[in-house]
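Got your viewer open and a selection tool handy? Let's take a short walk through this protein, stop by stop.

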Amino acid sequence: MKKLACIALAMTLCGGAAFADTKPAEDEAGKIKQTLSDWGCEGGTFEKETEASGMFEADDVKCKDGNQYDVKLDGSFKIISITRD
C-alpha cells in the first residue's frame, strides 16, 4: 500500500511539468520585445509559462553577435537566463 501511495505521489509531483505554455498577451509580448531589443536581440517565439512562476520564454532569438539563443524572463520582464542554441 505504501509503495502505491509513493508512486501516486511521484506521478502527481511530476505531472506539474505537463502544463502547456500559452501565448503572452500583446502588451506582454511588447515588453519582451523591448527587453530583447535593449540587449541587441530580436525575433523569436514567445511563451508564457502557465505555472505560478509567471515567467516568460523567448525561443530562437537572434542577437547582434550572430548567434541564436533561448531567453527566460521573470514576471518583471528582466532576463534571468540566456542559453545559446
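Start by selecting glycine 66, in the hairpin of S3 and S4: the turn has 4 residues between the strands, and glycine 66 takes a positive phi near 90 degrees there. Keep in mind as you look around that this is a predicted model.

S3 and S4 pair in the antiparallel sense, with 5 bridges. Click on alanine 58 and look across: opposite it, in S4, stands valine 71.

Stay on S4 for a moment. In a regular strand, side chains alternate between the two faces of the sheet. Colour Tyr69, Val71 and Leu73 to see the covered face of S4, then Gln68, Asp70 and Lys72 to see the uncovered one.

Next, bring in S5, which runs antiparallel to S4 and is joined to it by 5 bridges. Valine 71 has a bridge partner here too, isoleucine 82. The hairpin of S4 and S5 has 5 residues between the strands, and one to pick out is phenylalanine 77, with a positive phi near 65 degrees.

What is the angle between the planes of their rings? A search of the whole structure finds 1 aromatic pair, and this is it: the ring centres are 4.9 Å apart and the planes sit at 25 degrees, so the pair is stacked. Phenylalanine 56 lies in S3 and phenylalanine 77 in the loop between S4 and S5, so the pair ties together parts 21 residues apart in sequence. Are these two buried or exposed? Phenylalanine 56 is buried, at 2% relative accessible area, and phenylalanine 77 counts as buried as well, at 13%.

Time to go inside. Select Ile32, Leu36, Phe46, Ala58, Val61 and Val71: these have the most contacts inside the largest nonpolar core, which has 13 residues. Helix H2 (26-38), strand S3 (56-63) and strand S4 (68-73) each supply at least two of the core's residues, and the largest share, 4 residues, comes from S3. Zoom in on leucine 36, and among the residues it touches you'll find Cys41, Gly43, Phe46, Ala58, Val61 and Val71.

Last stop: glutamate 57, back in S3. With 14% relative accessibility, glutamate 57 counts as buried. Its contacts include Asp21, Thr45, Phe46, Glu47, Glu49, Val71 and Lys72.

How values were computed. Residues are numbered from 1 along each chain as its sequence is written. This is a predicted model: local features need pLDDT of at least 70, side-chain atom pairs count only at pLDDT 80 or more; totals for chains, interfaces and linings use all residues. Side-chain values use heavy atoms; hydrogens and water are left out. A nonpolar core is a set of buried Ala, Val, Leu, Ile, Met, Phe, Trp, Tyr and Cys residues joined through side-chain atoms within 4.5 Å. Buried means under 20% relative accessible area, exposed over 50%, partly exposed in between (1.4 Å probe, protein chains only). Contact means heavy atoms within 4.5 Å. Rings of Phe, Tyr and Trp (its six-membered ring) pair if their centres lie within 6.5 Å; planes under 30 degrees apart count as stacked, over 60 as edge-to-face and the rest as tilted. Two strands pair if DSSP finds at least two bridges between them. Lists of a residue's contacts leave out its neighbours within four places in sequence.
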